[in-house]
2 protein chains.
Amino acid sequence: MSLLRRYLPILTWGAEYSGKTFTNDLIVAVIVTVMLIPQSLAYALLAGLPVQVGLFASMAPLLLYAVFGTSRALAVGPVAVASLMTAAAIAPLAAQGSPEYLGAAIALALVSGLMLIAMGLLRLGFLANFLSHPVVSGFITASGLQIAAGQLGPVLGIRAEGETFVEIVHSLAKEIGGTNAWTAAVGFGALAFLYWSRSRLKPLLLRAGLSERVAGTIAKVGPAVALVVTTVVVWALGLAGHGVKIVGEVPKGLPRLALPPFDVALWTKLLVPALLISIIGYVESISVALTLAAKRRQRVDPDQELIALGASNVGAALSGGFPVTGGLARSVVNYEAGAETPAAGAFTAVGIALVTLFLTPLLFFLPKATLAATIVVAVLSLVDFGALKHTWDYSRADFAAMVATILVTLVEGVEAGLLVGVGLSIFLHLYATSRPHIAVVGQIPGTTSFRNVARHAVVTDSEILSLRVDESLYFPNSRYIEDRINEAVAASPTIRHVILECPAVNAIDTSALESLEAINQRLKDGGITFHLSEVKGPVMDRLKRSHFLHELTGNVHLSQYEAVASINPELARRTRDAERVPASAKP
Amino acid sequence: MSLLRRYLPILTWGAEYSGKTFTNDLIVAVIVTVMLIPQSLAYALLAGLPVQVGLFASMAPLLLYAVFGTSRALAVGPVAVASLMTAAAIAPLAAQGSPEYLGAAIALALVSGLMLIAMGLLRLGFLANFLSHPVVSGFITASGLQIAAGQLGPVLGIRAEGETFVEIVHSLAKEIGGTNAWTAAVGFGALAFLYWSRSRLKPLLLRAGLSERVAGTIAKVGPAVALVVTTVVVWALGLAGHGVKIVGEVPKGLPRLALPPFDVALWTKLLVPALLISIIGYVESISVALTLAAKRRQRVDPDQELIALGASNVGAALSGGFPVTGGLARSVVNYEAGAETPAAGAFTAVGIALVTLFLTPLLFFLPKATLAATIVVAVLSLVDFGALKHTWDYSRADFAAMVATILVTLVEGVEAGLLVGVGLSIFLHLYATSRPHIAVVGQIPGTTSFRNVARHAVVTDSEILSLRVDESLYFPNSRYIEDRINEAVAASPTIRHVILECPAVNAIDTSALESLEAINQRLKDGGITFHLSEVKGPVMDRLKRSHFLHELTGNVHLSQYEAVASINPELARRTRDAERVPASAKP
């Protein structure tokens, strides 16, 4: 039963479901439905798919997330970055508009969903942690720029094609002369209205006396208003006859349950893109879920979220949809409107189903420029150049990874950008740990503490070299440490004892163990004893399983003070009992 | 001048060169030449090349190493593993025996040489450290098995083909019925003699009264003796007429200076194999050089060694040779015979040149089975299954990387094996650091020290949660640490203060900084203050460049004791002044 409850969170919250909660969730669902309609349509177009596929992807996934999800506020569905990645993954495989293209999008959702479920069952959620914050931030910024640039085409009524930001900008520059004035008027009108409703409407409503929550929610339905107004304008003025592209006939009715094409060759080609979409989608989604849950002290289970997202994507695939994940904007609306349980999401799915059943004829005159404007406004809020500045101030390595992610994404595309970002951030970490900080330490008079001789006024013994390594000892740095010890010993002919102080050594791997053995042997050949101090419990447990401790010419001491005192007790004690020198004594 | 001396070590040792050193180096050169002849011929065949290419690769590279090298004992030339990797790299590009095959081998030496020089000038020697000891050991063992299996074909007089161990064994099993009895007699005769001379000859000579050094050196020329004896036998008995394959006509004369084919498409295909050969060759070579140098307290400069090996390979390419590196066996002979300067290597090159000029007709009746036997005996000494046992005892992660390297190399080939090994060892390291050890700590009575509550009898305060993280805080573990702190706080409703003790935190990257900010914010929302203690100097310097310290609800304390004392001074002092409990007091 507890296992069933773990994998089916609906059993937990469903048991406590009440009439009041129902009313509340229903109101939330109406608001989110109104917000979700333009997004569903727009992101389907962004992915290169017919608009109704966006509506399909906003039904089954929401129902399934309500059953499997642990977040009470997360709203799943089509999102900008995953839609862009879908287009990037499928474009090389099939011509846009063909049945093969749609089939590949559906297969992508299925493969991604199965991967997410497998990762959840195998508790592989930690894989998402290999995407560092700067890489995710850089990737989202670059994707936002690429999406916005791509949507300028429909806003202007020109074709802007290309698979990367650079290609799209090039294409825009070439085609800009063919701008359709009517389309541009509708598009920029929608853009201006959306910017205004996003930034100015809420303060206006607040001044008009509305509550914070109501004003915020009304401001968020701007896209739906833009959609209605521009549709009416296009219909009334007959702008379709003046070259304004409209959505046209949208097939009515609910999606049919269908299996995506079983094509092993296709699925194999989709493995890498599906993995990247899964991980990026999961990272976006879990960040939103954790942030919203923390505000109300609710719990979100990261591994169960993988299963819930996976089920949502499998659901999307089986009902003719494309990859979905938890979206930031609509989850915040969900949360602020007061969603109390995942049932709000299920009711939203019903709302979308009603639209699909009865309102699609109203979409006939909807201009594509409006949908493009909706996307531009939504994605430009993802672009965060401020993060570049903060990251530069704090860490040059993280800044390098971020810039590389942005540039490669803009020039080479989303998959290359993400892979280079992850690879570079891992490499830069390994590089940093491959040249660890090694300090020569001495005893602070009046204490049993040892500190860096370069930073403090300390007492040292010309026969004893005490070194502190500020890093775990493992293969990328084992030879570096060997070299530094060899050099230090070669530079001081009086040395008879070397002590390695290990308070920051969290692990010693096989390569480092062999290096320690080599150091011990070489020092022994030179008549120098080798000691360790402050070795941590788990590290010591492991060293005991090797021959190293038998071969070690010196001893392993509990503290650096004990190590020094075992060699020169007189000096160690005299220094300990001396008067303490103020920290600033060193010139 | 000092820059010139750095890049041309010959200027340093050349200035002190004396007549006595000359005589000594000359004697060493004679011994190494005798040893190098069979190896050069055999490894050329192993790489799928004509035997004289092996001789060519043993002239210019040795001269150039003498100019640029910093090791006084390292002997460069064709080696087993690099020859195998050469064959693996070129086999997909050209048919063995064709001029294109030879051209590709020469181009491979050139690309590898240029890479090594570039790595040396850019001081990228640390890249070699990303090959952990278990991966190198596993790779060498698997390569040794593959080479030995492949040479069983010539020893038996059958064709054993394949690019992996598995394919070769399969091919051997199929062809074994076609064994040529005469060839097998010569081959197994040579094998038996070589094993005997390697394991039994030296003790015999020692008992006969020879010195350790002379006996060791004589035992090492066994392959040359086997070569002479089997050549005479094959000639005298006319075994070539009975199906024993012989080397046949070897073109006389020195190699001509020539540029390898300038073919960008070919060079591009050779980039990855050249990088792998360069790094593996460098790792082998530098290990040998460092070990021998340490025995006589000489210095080896790892970055200059890259340049020297690079120059050697460029030299090999320009004189029609194939990739070379420093070989273990012949360097040890060089060292034990008493090589005093790299001039010994230059004299060896002259020796090989004399052989190429005058003695190639003597190689006509040399049976290929003898050369194959030479290789089998040499490479089986590289196979080290004992390392599997030691690694298993010490570290399961390193054992997994080693086994994966061996299996993938045997099944998929050398390049795949090496790449999987490196990738897996990096992944396993990241995985380990992504779930660091986090201890709840308390104060040891009678001290100001804090230790794990699970291991020691310590005093804690129900309002204070003190946690020690035994790892740097960075992207793979930042969310894990967030989760653990959230859980720990959720589990103890009495907590008002959380202190993170950081003596083992060597770095905090941007992702971890954002996690710390999130932790601080969530604790603040719950009315809990967040403190840090024992933050290292470099980490603190960096934190000061962010906004975190302004937002932190608590303080950063110099020691864990001061942190606790700032919250509950009375308890901290009472515990410090209490009687110390023996370490074993905890039940």
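**Close-up views of a predicted two-chain model**

**View 1. The largest nonpolar core.** In this predicted model, the largest nonpolar core holds 85 residues, and those with the most contacts inside it are Leu41(A), Met85(A), Leu131(A), Phe322(A) and Leu371(A); such a core is a set of buried Ala, Val, Leu, Ile, Met, Phe, Trp, Tyr and Cys residues joined through side-chain atoms within 4.5 Å, where buried means under 20% relative accessible area with a 1.4 Å probe, protein chains only. Helix α14 of chain A (residues 264-295) gives the most to this core, with 15 residues; helices are DSSP runs of H or I with at least four residues, strands are runs of E with at least two, and both are numbered from the N terminus. Apart from this core lies another, of 84 residues, including Leu131(B), Val136(B), Ile277(B) and Leu292(B).

**View 2. The surroundings of Leu131(A).** Leaving aside neighbours within four places in sequence, Leu131(A) is in contact (heavy atoms within 4.5 Å) with Val136(A), Ile279(A), Ile280(A), Val283(A), Leu418(A) and Val422(A), and also with Phe475(B) of the other chain.

**View 3. The interface of chain A and chain B.** Here 58 residues of chain A are in contact with 58 residues of chain B, and the area buried between the two chains is about 5,100 Å², of which carbon and sulfur atoms give 55%; buried area is the accessible area (1.4 Å probe) that two parts lose on being put together, summed over both. In chain A, Tyr394(A), Phe475(A) and Arg479(A) lose the most area to chain B, together 17% of what that side buries.

View 4. The rule for a salt bridge, a side-chain nitrogen of Lys or Arg within 4 Å of a carboxyl oxygen of Asp or Glu, finds 4 of them between chain A and chain B. Asp541(A) forms a salt bridge with Arg455(B), with the closest N and O atoms 4.0 Å apart.

**View 5. Chain A as the setting for these views.** Chain A contains 27 helices and 8 strands, and buried residues make up 56% of its 587 residues. Its C-alpha atoms fill a box of roughly 100 × 60 × 60 Å, taken along the principal axes.

**Notes to all views.** Residues are numbered from 1 along each chain as its sequence is written, and chains are lettered from A and ligands numbered from 1 in the order in which they are written. Local features need pLDDT of at least 70 and side-chain atom pairs count only at pLDDT 80 or more, whereas totals for chains, interfaces and linings use all residues; side-chain values use heavy atoms, with hydrogens and water left out.

Key: Buried < 20%, exposed > 50% of the residue type's maximum accessible area, 1.4 Å probe, protein only.
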